[in-house]
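Open the model in your viewer and keep the selection tool at hand. The tour goes stop by stop.

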Amino acid sequence: MKKHLVIGAAGQLGVELVLALQAKYGTDQVVVADIRTPSDPAVLNSPFVHLDATDLDAMQAVFQGGAYAAVYHLAAMLSAVGEKRPLAAWDLNMASLLNVLECAREGLVERVFWPSSIAVFGPATPKHDVPQEAPLDPTTVYGISKVAGEGWCRYYHAQYGVDVRSLRYPGLLGHRSLPGGGTTDYAVDIFLSAVRGERYTSFLGPDSALPMMFIEDAVRATLELMDAEAEAVHIRTSYNLAAMTFTPAELAAAIRERVPSFEIEYAPDSRQAIADSWPASIDDQAARRDWGWHHAVNIGELVDVMLEAWEQRLATSAARSAQ
Ligand code: AKB
């Protein structure tokens, strides 16, 4: 049986995707790669390879070391941190994708997954129910790299027959690890403050409506897209993907229904301009039509799961440090 390689396995999505692939194919059938060692012990039940994804020789060596059915290339610098280091973000996001696409062109892997993002959209995009074919005018380097990456994916598919598939993820909320350097990160950070009994200071204003998704839905979407017959995958740039929309004030209100003492204040910073350039909601009919996508988790369930899981995590780590 051929294996599944996750590049960027130590990140927020990487951890969850590795666990889902391990459950589906077995730990020995998954190989995890990253420039840093993943801190989640469950991830390390699969073999770990240290990899700088910008190094083509190193990547080719990893692919030549095993027979891979699929690679999930998740390594990237996200929107907010990318604005602090624009050239480094461009180099990482583009070089690593091109390396993966080159390896696929050489026949070293059968199928490629690469994430795009709502960051491809910008001020010219409609604010609500953004259609699949919408103006792409990103204001961030991260968004520019995603638009360029989508073009490269389509190019490698059209020119070389590379079976590359992609999703435009909204903000992702999970409880196994923290996101790093994104504009939607507030929606995870807020839960840590809530379970610690701390007041949360949001770096986005109360009314910043953004598309969001529970990370388990995003992982399921990824696996379903990768399992779809190639003929069903009509979009070779990247599929719009949606679940829910909320603002910081709405999320805080949902948390307060369960944690009445929870308090929030607002101190918008440079990330506000990024959020303002993104749409509030996405039309994902193409994904629903082509490979049967549907989201499962809405805001109420999301808040219940996130509060319970983060509470448990904090209790476990407090018990560990008391030992
Ligand atoms: C970010 O905020 O940069 C990411 C994204 C929407 O791609 N979460």
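**Stop 1: around G182**

Select G182 and, leaving aside its neighbours within four places in sequence, show its contacts: L78, S79, A80, F203 and R271. Contact here means heavy atoms within 4.5 Å. This is a predicted model: local features need pLDDT of at least 70, side-chain atom pairs count only at pLDDT 80 or more, and totals for chains, interfaces and linings use all residues. Residues are numbered from 1 along each chain as its sequence is written, and side-chain values use heavy atoms, with hydrogens and water left out.

Where does G182 sit? It is in the loop between β7 (171-173) and α6 (186-196). Helices (H or I, at least four residues) and strands (E, at least two) are DSSP runs, numbered from the N terminus.

G182 has a relative accessible area of 5%, so it is buried. The cut-offs: buried is under 20% relative accessible area, exposed over 50%, partly exposed in between (1.4 Å probe, protein chains only).

G182 and L302 are 120 residues apart in sequence and 19 Å apart in space, C-alpha to C-alpha.

**Stop 2: the ligand**

Select the ligand next. Around it are L78, S79, S117, I118, Y142, G182, T183, T184 and W278. Each counts as near if one of its heavy atoms lies within 4 Å.

Which polar contacts can you draw? A polar contact is a pair of N or O atoms within 3.5 Å; within protein, one must be able to donate a hydrogen and the other to accept it, and residues adjacent in sequence count only if both atoms are side-chain atoms.

- S79: a side-chain N or O atom is 2.5 Å from a ligand oxygen.
- Y142: a side-chain N or O atom is 2.7 Å from a ligand oxygen.
- T183: a backbone N or O atom is 2.7 Å from a ligand oxygen.

Taken alone, the ligand exposes 250 Å², and the protein buries 92% of that. These areas come from the Shrake-Rupley method with a 1.4 Å probe.

**Stop 3: S202**

Move to S202, in strand β8 (residues 200-202). What is its relative accessibility? It is 0%, so S202 counts as buried.

Draw one more polar contact. A polar side-chain atom of S202 lies 2.6 Å from the backbone oxygen of L204. Leaving aside neighbours within four places in sequence, S202 is in contact with Y186, P248, I264, E265, Y266, A267 and P268.

**Stop 4: D129**

Finish at D129, in the loop between β5 (109-117) and α5 (141-160). Check its backbone: D129 is not a glycine, yet has a positive phi of about 50°.
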